[in-house]
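Here are my notes on this model, as promised.

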Amino acid sequence: MSTFPSAEQQDILNHQRGNLLIEAAAGSGKTTILAHLAAQYAGIGEQVLVLTFSQSGKAAFEERLKAISGSGNIAASTFGEYCLAASRRHLPDDKYLANLEWVLENIIPSLISTLNRSLADLGHEQLATDEEGARDLIDTIQRIKNGRLQHWLAEVSDPEEIEDAIERPYSVWLAFFEYEKLRNSYAFQHNGRKHLGFRLLEDVCHDLLDAADNNLLDSEGGFQQAYVFIDEFHDTTPLQLDWIKAWSRRNKRVVVVGDRDQELYFWRGANAQTVFQKFRERFAPVTILPLSSSYRFGPLLAQRCQALRGKGLAPLSGQGGPTRIIASRAELASLLRTAALPLAHTAILARDRSQTIASQLALAENDIPFYTLDKWPCWRNREGRLIQMLAQLIDPSWRLYSLRQIEQEPRKREFEARRCAALAQSLLSLPGWSLTEERKNGCLAEAISPANLKMLFSLLIQEAPPAHEPMRSQGLRLYQALQCLLDSPAQQPLANTLTSFAQACKLEAMLQSFTPRGEAANSRWHSWQALLAYIRAKNFSASGWLQHCNKLDQMHHKTTSKNIEQALAVGSVFHAKGKEWEHVILTGLAEQDFPLRQAPLQEERQRAYVAATRARSLLTLHCDAAKNPSRFFKQLNGE
């Protein structure tokens, strides 16, 4: 960073009156300026609270603060930590603090079952009964609360209007209210202690605000510190903003810093445009000051990124070292073979995880070590596991270890059982099964070998499908597709069998129903298609693909366990947020891919802006030669 403070930073340090909104560009040192401002107030004896949205954000602030001064009079906390501590001090109830798995096991199955019986009589679309559907239901319930949609839609009676607002069937809206009733009335014992109601960590902020609105706090709540700072303010939800306002009764000043162009938590209910506007209205008087100079990258990248930024912001200035921008239309594998990559300082980024699959497989083919930002490599993510499971059913003779090894070595026997159970879980997660949670757990316990897997699913598809539509139709299609797959010759091309299976059970619709957070509705289907295209191109049989996955696992384990500092990163824009590399390769910049066709253009611009601004020294733009470059490719290339 250049000489501190700059003119913009000095204006922030000199601010004296009212609340402060800092509009900070990527790489502009917003965490650093917060640390200096906190130290300045603490130095005159004031108490300061700094709230962040993640442990990594909290650690980054504490690191900056340590470099400036001590931490006396300054407390740093994540939103979750602070709200949890406040709930224990101020909420008068005895609700059980549950984790997600407890809710999925004890609450959601009976809620779905009870509500589906009512929905069948009313003619509404029923709730999905599988695990992915249950998780999606919880995510949607949290999004409704985070966006305060239950208040905004209180007077709306048209089911279609409600479906448009929550982007889910009307049955999910009904489930929201049933879930909230259970949260307040479910009576049970846990570890010998009686509880009435429960809450997830994600519910704590909602419950604090609800108690304050209804005068139910057992003591006066509110921030005890005179100065409250909030980092990454663009990730704030309407719920959190309302809570901050309710808790800010005695403060001298609230300081927030954020970048509207880095908002990626649309799925969580975050809405930077609305939240920034509401902050100006509800916390008036508010001074707005910019941090428009980025010390991460140079002027060329700043100039090219300007077209991706929102309206009403100060022009972006690049004050870092020179950042080169090059464009490539070569095949990705060829680009990776010829590029002189400083691996530990390089990231390959794509719009979403489905678009990272080509990169991962090209890296593996060229024996280039890598790790994925979103935890699992493509052959081990949900679609990859499902394909391995189907391949194992086609050829149950393939084993990770020989029968002799399994009989004589308990560790290998245990590992094989865990592998088979994980594969079974991937198939049982699809909608269409008529299994209780107890029955499902029993199936997973039986899935201890490839032979057991085939026998287990051969028996399961003989059972009756779910009784109610549309699950009954889904179940029948799934059972028929699996029967055809089980009858398939083991040595025929795997891609052909998988294509037939997907068509028979309408897999595309299934996968689109349960989309990962922050990704396009067809992301999972595109992941399936990308893996299938690779399997087809290499003409793998079922056993050939399983053997290849085992080879990839060994390579990946060696990379991530011992030499991760020598590997490059691969991931989606969503998982790259808050990180930076010397060299970023931005892939998938083709028409209809990035920006994604039919996706809101402003959201796509924000993704492109976040991706491009991760680069310090070099940004490589990549579009496959067989496709047309997108507007983002052309804009960032200066065309």
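Predicted model: local features only at pLDDT ≥ 70, side-chain atom pairs only at ≥ 80, totals over all residues.

1. Take Asp 213 and Arg 148 to begin with. Their side chains meet in a salt bridge, at 3.9 Å from N to O, and the cut-off is 4 Å. The pair links distant parts of the chain, 65 residues apart: Asp 213 belongs to helix α11 (residues 204-213), while Arg 148 is in the loop between α7 (131-146) and α8 (149-152).

2. Next, Arg 199 and Asp 207. Their closest N and O atoms are 2.7 Å apart, in another salt bridge, and both residues are buried.

3. Then there is Arg 296 with Glu 580, a salt bridge at 2.9 Å, N to O. Arg 296 lies in the loop between β11 (293-294) and α14 (299-305), and Glu 580 in the loop between α27 (573-576) and β17, so this contact ties together parts that are 284 residues apart in sequence. Arg 296 is buried, with a relative accessible area of 11%; Glu 580 comes out as partly exposed at 34%.

4. Which residues do salt bridges with shared partners join into one network? They are Asp 93, Lys 95, Lys 145, Glu 180, Arg 183, Arg 199, Asp 203 and Asp 207.

5. Six strands make up an open sheet, ordered β13-β18-β17-β14-β16-β15, with parallel pairing. At its edges are β13 (324-328) and β15 (370-372), each of which pairs on one side only. From one strand to the next, the twist averages 20°. Helix α28 (residues 601-612) packs on the sheet and touches β14 (346-350), β17 (581-586) and β18 (615-622); the direction of α28 makes about 130° with that of β18.

6. β15 pairs with β16 (residues 568-572) in the parallel sense, over three bridges. Within that pairing, Phe 370 has Leu 568 in β16 as its bridge partner.

7. On to the rings: a search of the whole structure finds 28 aromatic pairs. One of them is Tyr 96 with Trp 102, edge-to-face, at 5.2 Å centre to centre and 70° between the planes. Tyr 96 counts as buried at 14% relative accessibility, and Trp 102 does as well at 13%. Phe 370 and Trp 379 form an edge-to-face pair too, with 6.4 Å between the centres and 90° between the planes. Both Phe 370 and Trp 379 are buried.

8. Phe 53, Phe 79, Tyr 82, Phe 223, Trp 243 and Trp 247 form one aromatic cluster. And where does the charged end of Lys 245 sit? It sits over the ring of Phe 283, 4.9 Å from the ring's centre.

Conventions:
Residues numbered from 1 in each chain as written. Heavy atoms only, no water. Pairing = 2+ DSSP bridges. Helix = DSSP H or I, 4+ residues; strand = E, 2+ residues; numbered from the N terminus. Axes fitted to C-alpha atoms, helices over the stretch in contact; angles between N-to-C directions. Contact = heavy atoms within 4.5 Å. Buried < 20%, exposed > 50% of the residue type's maximum accessible area, 1.4 Å probe, protein only. Phe/Tyr/Trp six-rings, centres within 6.5 Å; stacked < 30°, edge-to-face > 60°. Lys NZ or Arg CZ within 6 Å of the ring centre and 35° of its normal.
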